[in-house]
Amino acid sequence: MIKMSEFKESIRKRREQRIQQIQQGRHHRFIEDKPDRGWESTGKRNEIAPWNQGVRPPNHGRSKVYKRFFIQVVLSSMLFLLTYMIFTTSTTASMQAQMAIEKTMERPFDFTGVARWYHENLEGNSALIPAFSGGDQKEQPQGLAWGKPLNGEIEVVRPFASDEPMLVLRAQSIESVIAVERGWVIFAGEKEGLGKTVILRHLDGQETWYAHLEEIVVEERDWIQKEEKVGVIGEKEGDSLLYFGYRKEDQFQNPSGVIPFEQ
């Protein structure tokens with residue numbers, strides 16, 4: 001026969017066990033013999049007890065990370081395989097793709113131009129992006145070293161005017177039109193009143209216009225180096241003439257103070 005003292009001692013031990021289970025995040029009604037796992041605290045699978053909301057399974061979120069990493073590896077492998085196939089075949093399409101890839105890999109990246117596009121289109125603060133902020137001011141690029149759009153002697157036939165913002169330049173003969181500085185080709189084609197035209201956007205958003213061309217040899221989104229050929233000068237009434245414009249801050253300005261035409 002169980003003595004009263006033993007019965008009380010048994011009740012006291014069970015009470016202490018239940019208090020300890022509650023403190024550890026285990027509900028005594030549903031979990032008696034399971035190991036300490038706070039995220040199974042109400043008897044329902046994977047449900048977190050109210051007093052233990054901060055506890056998460058040790059592997060929570062890892063499956064998503066592994067899945068994302070696996071997808072990235074698969075996509076990278078597919079891209080590598082596609083590039084390998086392009087450079088190991090000799091079809092017309094693959095040769096064109098090879099030239100496009102090589103040209104893209106050799107092209108410098110215009111961070112200033114992208115920062116300007118970011119400001120204009122997204123109205124954001126590009127200084128928040130380290131690649132666009134330029135870091136220390138001492139490391140920012142110096143001013144542009146402008147050249148001439150034509151080789152040899154150049155004669156200014158028509159100077160800059162508010163109603164005629166395009167300079168008319170005469171060359172000694174039909175020759176190549178070259179970029180006065182490096183930049184992006186943002187337009188290459190026919191423009192009303194100007195004929196065949198090429199527009200380059202340089203650092204800080206400055207633009208140079210080359211109009212009334214006989215031939216255009218660049219395409220939009222090409223990256224052009226200084227003195228690289230953009231077209232062939234046109235001929236009008238026996239003269240080799242180039243219509244040249246300079247835009248800064250979205251307005252045509254006199255390029256004579258910037259471009260050394262008479263050198």
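Visitor: What makes strand 9 and strand 10 a pair?

Guide: Two strands pair if DSSP finds at least two bridges between them, and here 2 bridges join strand 9 to strand 10 (residues 251-252), so they qualify, running antiparallel. Strands themselves are DSSP runs of E with at least two residues, helices are runs of H or I with at least four, and both are numbered from the N terminus. In one of the bridges, Arg 247 has Phe 252 as its partner in strand 10. The hairpin of these strands has 2 residues between them, and Glu 249 takes a positive phi near 55°.

Visitor: Where do these residue numbers and values come from?

Guide: This is a predicted model, in which residues are numbered from 1 along each chain as its sequence is written. Local features need pLDDT of at least 70, side-chain atom pairs count only at pLDDT 80 or more, totals for chains, interfaces and linings use all residues, and side-chain values use heavy atoms, with hydrogens and water left out.

Visitor: Which other strands pair with strand 9?

Guide: Strand 2 pairs with strand 9 in the antiparallel sense over 5 bridges, and Leu 169 has Leu 242 as its bridge partner there. Strand 6 also pairs with strand 9 in the antiparallel sense over 5 bridges, with Ala 211 bridged to Tyr 243. Then there's strand 8, joined to strand 9 by 3 bridges and running antiparallel. Strand 8 and strand 9 form a hairpin with 2 residues between them, where Glu 237 in the turn has a positive phi of about 55°.

Visitor: How do you know that strand 9 is mostly covered?

Guide: Count the buried residues: 8 of the 10 in strand 9 are buried. Buried means under 20% relative accessible area, exposed means over 50%, and partly exposed is in between (1.4 Å probe, protein chains only). Across the protein, buried residues make up 31% of the 263 residues.

Visitor: What makes a group of residues a nonpolar core?

Guide: It has to be a set of buried Ala, Val, Leu, Ile, Met, Phe, Trp, Tyr and Cys residues joined through side-chain atoms within 4.5 Å. The largest one has 25 residues, and Val 177, Val 198, Leu 200, Tyr 210, Val 230 and Leu 242 touch the most other members. Strand 2 (167-171), strand 5 (195-201), strand 6 (207-216), strand 8 (229-236) and strand 9 (239-248) each give two or more residues to this core. Apart from it lies another core, of 9 residues, including Val 168 and Leu 194.

Visitor: What pairing do strand 5 and strand 6 show?

Guide: They pair in the antiparallel sense over 5 bridges. Val 198 has Tyr 210 in strand 6 as its bridge partner. Their hairpin has 5 residues between the strands, and Asp 204 takes a positive phi near 65°.

Visitor: Why does Leu 75 count as exposed?

Guide: Its relative accessibility is 53%, so Leu 75 passes the over 50% mark for exposed. Leu 75 lies in helix 2 (residues 62-88).
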